[in-house]
Amino acid sequence: MTVVPAQNNGPAGFDTETFERVPPHSREAEMSVLGSMMLSKEAAIECQDILQEQDYYFPHHATIHRLIVDLHARGVPCDPIQLGAELHRGNDLTRIGGAPYLHTLVQSVDTPANATYHADIVRERGVLRRLIEAGIAITQAGFAGHGSIEENVAEAAARIAAVVEGTGKEDDFVLPEDTLEHTLDQVENNKNNDGVTGAPTGFIDLDSLTNGFQPGQMVVVAARPGMGKSTFAMDIARACAVKHQIPAAFISLEMDIDELNMRLLSAESKVALHHLRLGTTTDEDWTSLARHLPRISQAPLYINDSATTLATIQAKLRRLKSRRPDLGLVVIDYLQLVTTSGRRPESRQQEVSDISRSLKLLAKELQVPIIALSQLNRGPELRTDKKPMVSDLRESGSIEQDADIVVLLHREDAYDKESARSGEVDLIIAKHRGGPTATITVGNQLHYSRFVDMVAT
């Protein structure tokens, strides 16, 4: 990274002289690493596991590193003569300083045994440079003042996350003796949790199939309009927050807080939703509401009806996670209503794909399951049996790719009022990464804005 001093051409209030210092780097360490990689195959293997091209301050060193890694991958010797021939073939030899410079790199090495220590120095300097770049960009964005506060905070967080991602030198391989104690502790905890290791869904068969929704998962709940996907998602959020006191977030882009509260009250107190909406509640209804109100009002269910852009959703959830590290579940209702800010993608399908991927990465970052509701296209209505399929997901096939679990909702009585299965809802688990698929039938109590296990109907 080269920072060029500017004369009065930065944003208002931005002191360019602050950034005139030479960015962190170590020429000697970079030379030693490259020389060691040429001298020792073992050093090359260890260093390429620590370093990437972007970690080098000098572009010609990054070019040499890339070619050394490529030659080793092809099983080709990597001495200065062979490397020089390859650089000459790619018209890069003169640009890196010529063949003599390759011999200079080798001569700079005391012993290849120190290669990993020098590689750590190169990597650390590279991280510091990227941190400086991110800081400058964040400062410039702050002075420019474009976009909302939430969008600027989200962009800043994303820049910092990009810097720190992958900065730790970790060995991906571990021995059983290092991990078995934790595994056995988990087995013991699972016994006490009745096998539900993630966020409970409130449905016996679904919990049995999934063991609860796990941290980092993206769960897509999809249906045609009017099938009850928002009701189903609220059922899961209620199971976490009201029944188990697990903090849950419900971000609604379709309904306001009053509507969501009415659905919550109806489902918990078994007061008909239309009574709450029309104000026709009876004394018995008020008695039931009063009995359940303390439990509902104390539930850690965080509802938001103002976040509409991806950046805002990311910023608000990151902030909530910092406040509530034990956040156990997130619901986003629904995916096709989320928009992106800034540069528009080529198509709405690409935009939905970007949003889907970002939500999956957010679930991994926050280590919470994210339930993303999604619309289906008209495919089910054009088929005889009306049952939805994963291919019916609207606007983006990447939703299926990003999802760990896909739940499709189907109600026969939505198409046939005289159906023998009136009052039943099929939860079609059409995708279950690492687990079985199945169809689970639950009861439909939409007059109370809820679904229930069949044994409870």
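**Figure 1. Confidence across the whole predicted chain.** The chain of this predicted model averages a pLDDT of 82, and 89% of the residues score at least 70; pLDDT is the predictor's confidence in each residue, from 0 to 100. Helix α1 (residues 27-39) has the highest confidence, at a mean of 92, while helix α8 (residues 176-192) has the lowest, at 72. Helices (H or I, at least four residues) and strands (E, at least two) are DSSP runs, numbered from the N terminus, and the chain has 17 of the former and 9 of the latter. Over residues 1-18, pLDDT stays under 50, and the model has 20 contacts for this stretch beyond four places in sequence; a contact means heavy atoms within 4.5 Å.

A quick word on conventions. Residues are numbered from 1 along each chain as its sequence is written, and side-chain values use heavy atoms, with hydrogens and water left out. Because this is a predicted model, local features need pLDDT of at least 70 and side-chain atom pairs count only at pLDDT 80 or more, whereas totals for chains, interfaces and linings use all residues.

Figure 2. Leaving aside residues up to four places away in sequence, F232 touches F203, L206, V221, V407, L409, L427 and F451. Buried means under 20% relative accessible area, exposed over 50%, and partly exposed in between (1.4 Å probe, protein chains only).

Figure 3. In the chain as a whole, buried residues make up 47% of the 457 residues.

Figure 4. A134 sits in helix α6 (residues 115-144), and it counts as buried because its relative accessibility is 5%. Not counting residues up to four places away in sequence, A134 touches R159, I160 and V163. A134 and V163 are 29 residues apart in sequence, yet their C-alpha atoms are 7.7 Å apart in space. L131 is also found in helix α6, but at 40% relative accessibility L131 counts as partly exposed.
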